[in-house]
Every structure is written in structure tokens, then in C-alpha cells.
Amino acid sequence: MPSPNRPRVAALLSNRAGVGLKPEHIDAILAERPDVGFFEIHAENYMGDGGPPHRRLESIRSLYPVSLHGVGLSIGSPRPLDKAHLARLAALAKRYEPGLFSEHLAWSSHDLGFLDDLLPLPYTEETLACVCAHIEETQEALGRRMLLENPSTYVLFAESTIPETEFLAEIARRTGCGLLLDVNNVEVSATNHGFDPLAYLEAFPLEHVGEIHLAGYAEAEDEAGHRLLIDAHDSPVRPGVWALYEEVISCIGMQPTLVEWDNDVPEWPVLHAEARRAERHAAQAAAVAGTGAFGHAV
Amino acid sequence: MPFDATLEAFVEALADPWAPPPAETRGREGRPDARRFAVYRNNVAVGLIASVEMRYPVTRRLVGDDFFRGLARAYVAGNKPRSPVLIHWGADFPAFIGAFEPAREIPYLADVARLENAWVEVYHAAEATPLGLAELATVDPERLGELRFVFHPAVRLLRLAHPAASIWAAHQGASEPRSPDHWRPEDALIARPHADVDVRILPPRGYQFAAALLSGASLAEAAAPLAAEGVDPGPHLVGLIEAGAVTNIR
């Protein structure tokens with residue numbers, strides 16, 4: 001049996017690039033021990049009792065810091081959080097000592113069951129209070145501060161009264177949580193709803209950002225013929241997203257940055273190269289820090 | 001609209017592929033947009049279908065991608081997970097296949113799926129240290145018959161009406177699978193004593209013997225039906241221990 005007391009590297013994530021941990025890459029990673037800032041794991045994939053997933057994650061964790069990313073807590077739902085799921089998350093966080101824990105501003109469970117997608121919610125005083133209560137409950141259950149990720153959305157709600165950036169800022173203010181800024185999601189939502197992504201970033205409470213996500217999107221059209229981007233995580237990061245990423249880094253400096261690639265997963269060297277590319281973009285942006293298109297220093 | 005009612009309407013529209021997009025949703029033209037809402041409906045279906053595909057790779061290979069996707073889509077439409085832990089979801093898919101009219105022509109399909117489900121359960125089951133034969137050898141022979149065994153959490157026993165374990169094994173490589181040499185029922189033991197899942201076809205009477213021990217019978221009780229037929233239970237017991245199916249003697 002793998003020893004739970006195997007020596008580990010420190011939990012803290014440095015300001016470097018990491019990638020999502022994919023089962024098909026683990027043998028190559030353990031053999032080559034590549035220079036990667038961290039690996040991010042989807043919490044729900046490690047909620048079995050034992051077996052190869054945990055054995056291999058123990059090996060990875062002994063060599064690298066990890067971040068724990070939940071995709072099933074349904075924080076953005078009006079229904080009470082699933083207490084059993086919170087307990088599973090807390091147990092995982094205790095076992096693997098991740099440097100960060102993050103979840104989404106979205107919902108995924110309702111009476112019908114778990115819907116396996118990050119579904120959108122209206123932004124109102126009512127939903128704000130509900131999300132804040134769920135985040136406080138989560139932070140209490142895990143005994144740590146969490147990061148909340150901005151969503152990719154394909155529809156808005158007629159009843160929304162609060163801009164998304166203001167909604168996120170108020171959540172951070174009320175709960176003390178940090179934010180995970182998904183730059184691809186900014187590009188996707190900006191295109192889908194016809195707003196300026198730079199203006200969104202300018203309004204975003206960047207001082208609370210503790211991690212950045214990057215990914216590739218797919219393209220479609222809506223009924224009216226407007227370009228519709230889909231947060232597909234199935235391809236390289238697009239040039240427009242790299243440009244936004246550089247804007248953010250030039251403003252707040254390098255942050256732990258994850259390249260997400262969850263579908264049509266490439267060979268390990270391709271994903272690794274994408275993480276190195278993120279570090280080159282960040283270095284370039286840091287060199288011209290303060291010259292970003294939006295300027296509030298933090 | 002109250003938060004809960006908004007989401008209720010959203011879920012109802014997700015569940016019905018013919019429903020219009022929820023009235024509260026907005027696209028860039030300031031009105032509901034069916035193609036935008038369809039992204040969510042598609043994500044839900046595609047995500048859950050992918051989970052079924054991942055759990056049942058040989059079943060998929062046996063019927064082909066298109067047929068399997070239709071089968072999985074029908075299953076997903078009526079069987080949403082109760083928990084976000086999808087590695088534990090889809091255990092009743094074999095029963096769904098058994099009742100799925102278009103799959104009737106492939107009578108062994110549900111059995112292959114049962115084996116694949118057991119494989120995944122065993123893969124994720126808790127760790128435990130298997131009992132070695134040397135530990136069994138330390139038992140006073142006079143007391144052997146009184147022994148009861150604690151099984152490893154990563155053990156499943158299956159009775160298959162078709163040679164599903166042979167079919168499954170023949171589909172493990174990329175090469176063209178061979179048909180089973182003998183078309184007959186098979187009993188299988190799926191175990192993961194350490195890191196790797198091991199699938200074994202049990203010899204005749206092996207299932208009854210193992211199932212009796214697994215349900216708490218003493219060695220003498222489990223061995224009696226075999227002894228009555230003049231069969232030595234010894235090799236069956238040794239086989240179980242060698243497979244790493246047992247962790248303790250009580």
C-alpha cells in the first residue's frame with residue numbers, strides 16, 4: 001500500500017504555470033519529472049475509496065504542489081449544499097494538502113439530479129446572498145479560503161440586476177474568498193454577449209485574484225447569426241486570450257496560471273509546451289508592467 | 001422571478017429537447033435564443049454520455065460508436081446521477097441494456113457490461129493488504145473447518161449467462177478479437193489486491209464456494225457441497241488466496 005507519510009514538496013503554489021492532471025499523462029510525468037509549476041486535479045475524479053487514482057496522485061503530490069478544483073458543488077444553486085459532498089472535498093483537501101481550492105460561480109445539481117455542466121444563474125440581491133452563504137459554508141467545511149471562478153455563459157437572465165464583475169467583487173468582500181480569473185471565460189462571455197473584454201477586466205476586482213485559468217474555445221453561431229464561443233477546453237489557447245492574459249499579468253504580476261485541456265487531450269509534450277508558453281507570455285507582460293490598457297495598480 | 005423558479009424553468013427546458021429556451025434567458029437580441037440554450041442541453045448530454053463511454057469501453061467496441069451513443073443517450077435521458085461523483089455512476093447501465101429492445105440481438109452485451117461495471121468498482125475500491133498463503137499455513141489443521149474469511153473490499157463475484165469474461169478479455173488489446181473457444185456460461189472473480197485489477201474465470205463450483213465464504217459461511221460449510229460431490233475444496237481456497245481476494249481469517 002502506498003504510504004500516506006511519503007515526503008512531499010511544499011503545498012504552496014508558486015507564481016508559475018501548471019496544467020490539469022490527466023490520467024494518460026501520469027506515467028510520462030512520473031518518468032520524466034518535467035519542470036511544471038503545479039498540477040490541478042478535478043476533485044470529483046478522486047472521490048473513490050482507493051486504487052490507482054489515489055496511488056498515482058500520491059506519487060504526483062510527493063513531487064509537485066497541486067491545486068484542487070471542484071466541478072460539482074453547485075455553489076450557484078438556491079438549494080442547500082450537499083453536505084456529504086462537502087465532507088468528501090474536505091477529506092481530499094486534508095489528504096493531499098492542495099495549495100489552492102477553487103469552485104465555480106455556477107450550479108450543476110437540481111431535483112433532476114447532477115447535470116454535469118456549469119449552468120448559469122441570474123445576478124440579483126437574492127442570488128448574491130445565497131452564493132455568499134454557500135461560500136461561507138464551504139470555507140468553513142474545508143477550513144480554508146477558497147477561490148471562486150468567473151463563468152463562461154451562453155445566455156443572460158432578464159432578472160439580473162448586478163453586473164458580473166460587481167457580483168464577484170461583492171462576494172469576495174462579504175465572504176473573504178479569493179477569485180479565480182478564467183481569462184478564456186472572459187473572452188467567451190465577452191464575445192457571446194457583445195461586451196469589451198478589456199472593460200470587463202478593468203471592472204474585475206483583480207486584487208482578489210489568486211489563480212488564472214487559460215483554455216481553448218470552440219466556435220458556433222446563435223440563431224441571429226452572432227458568433228457564439230463555447231468553453232470547450234479542447235484546443236490550444238487562442239491569440240486573443242493570450243493578449244488578455246498579458247494585460248492581466250502586466251497589471252497584477254504573475255499568478256499561478258493553469259492551462260486547461262480536458263477534451264481531445266494532446267500528448268504530454270504538447271500540453272507541457274502550452275504551460276511553458278504561458279510562462280513566456282507572463283514574463284513578457286511582467287517586463288512591461290504598468291503599461292496595460294487598464295491601469296489601476298493593486 | 002424567484003431564484004428557485006428560474007432554475008426550475010431552466011431544468012425543465014434542459015430535460016425536454018423539444019422545449020423552447022426558458023423565457024427568462026436572453027441572447028444578444030434581447031430575447032431567448034434556442035441555439036444558445038442548446039449549448040447547455042448538449043453539454044449535459046455529451047458530458048454524461050462520455051462518462052458512460054468511459055465506464056464501458058468493451059461494450060462500446062462490441063456494438064460500435066454510433067449504436068453505443070444511442071444506447072447511452074437513451075440511458076442518460078432517464079437516469080441522471082444523484083451525486084456529482086461520476087466515477088460511482090452508471091452501475092445500473094447493464095440492467096438498462098438488458099431491457100433495451102434494440103440490444104436484444106446481442107444477448108451477451110449486458111453481461112459484458114456487468115463485468116465492466118464490476119471492474120470500475122474494484123478499480124476505485126478501498127486499499128487493503130491481502131492475506132498470504134503462508135499465513136493460512138500457520139492455522140492448526142484441526143481448526144481449518146471453523147475458519148471464516150474477510151474479503152478484500154476490491155472483490156466482485158459474477159455469474160455470467162454467456163462467456164462474457166472471455167469476450168471481455170479478447171477485447172483488451174487493439175488486435176482483432178477472437179471468438180470464445182466455448183460458448184457457455186462463465187463465473188468471474190474480479191479483484192484488485194494491489195495496484196492492478198485482475199479478472200479470472202472461475203473453475204466449475206468455484207463461484208458457489210467463493211460466494212458462500214463471501215457471505216460469511218465457515219470453510220467447512222462452504223466446502224460441504226463440494227465434498228458431497230467428491231470435489232477437493234483445497235485448490236478453490238488456494239485460488240482465492242492467490243488471487244488476493246481475502247484479507248483476514250476470523
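In chain A, eight strands close into a barrel in the order 1-2-3-4-7-9-10-13, and the pairing is parallel. Strands here are DSSP runs of E with at least two residues, helices are runs of H or I with at least four, and both are numbered from the N terminus; two strands pair if DSSP finds at least two bridges between them. Axes are lines fitted to C-alpha atoms, for helices over the stretch in contact, and angles run from 0 to 180 degrees between N-to-C directions. The model is a predicted one, in which local features need pLDDT of at least 70 and side-chain atom pairs count only at pLDDT 80 or more, while totals for chains, interfaces and linings use all residues. Residues are numbered from 1 along each chain as its sequence is written, and chains are lettered from A and ligands numbered from 1 in the order in which they are written.

Strand 4 (residues 100-104) of chain A runs parallel to strand 7 (residues 147-149) of chain A, and three bridges join them. Opposite A:Glu103 stands A:Leu148 in strand 7 of chain A. Elsewhere, helix 8 (residues 239-252) of chain A lies across strand 9 (178-182) and strand 10 (209-215) of chain A, running at about 165° to strand 10 of chain A.

The contact between the chains takes 43 residues from chain A and 43 residues from chain B, where two residues are in contact if their C-beta atoms, placed from the backbone, lie within 7 Å. Among the elements of chain A that give two or more residues to this side are helix 2 (52-63), helix 4 (125-142) and strand 12 (227-230). Strand 6 of chain A gives the most, with six residues. By class, the side of chain A has 19 nonpolar, 15 polar and nine charged residues; Ala, Val, Leu, Ile, Met, Phe, Trp, Tyr, Cys and Pro count as nonpolar, Asp, Glu, Lys and Arg as charged, and the others, Gly among them, as polar. Strand pairing also crosses between the chains: two bridges join strand 8 of chain A to strand 1 (residues 25-26) of chain B, and these strands run antiparallel. The bridge partner of A:Leu156 in strand 1 of chain B is B:Arg26.

A:His85 is found in helix 3 (residues 83-96) of chain A. With 22 C-beta neighbours inside 10 Å, A:His85 counts as buried; a residue is buried if 20 or more other C-beta atoms, placed from the backbone, lie within 10 Å of its own, exposed if 12 or fewer, and partly exposed in between. Leaving aside neighbours within four places in sequence, A:His85 is in contact with A:Gly72, A:Leu73 and B:Pro84.

The buried residues of helix 1 (residues 3-15) of chain B include B:Phe3, B:Leu7, B:Phe10 and B:Leu14. Seen down the axis of this helix, its buried residues fall within an arc of 165°, so they line one face; the arc is that of the directions from the helix axis to the C-beta atoms. Their cover includes strand 5, strand 6, helix 4 and strand 8 of chain A, together with helix 2 (34-55) of chain B.

In helix 4 of chain B, B:Phe68, B:Leu71, B:Ala72 and B:Val76 are buried. They cover an arc of only 130° around the axis, which puts them on the same side of helix 4 of chain B. On the other side of that helix, B:Asp66, B:Ala77 and B:Gly78 are exposed.
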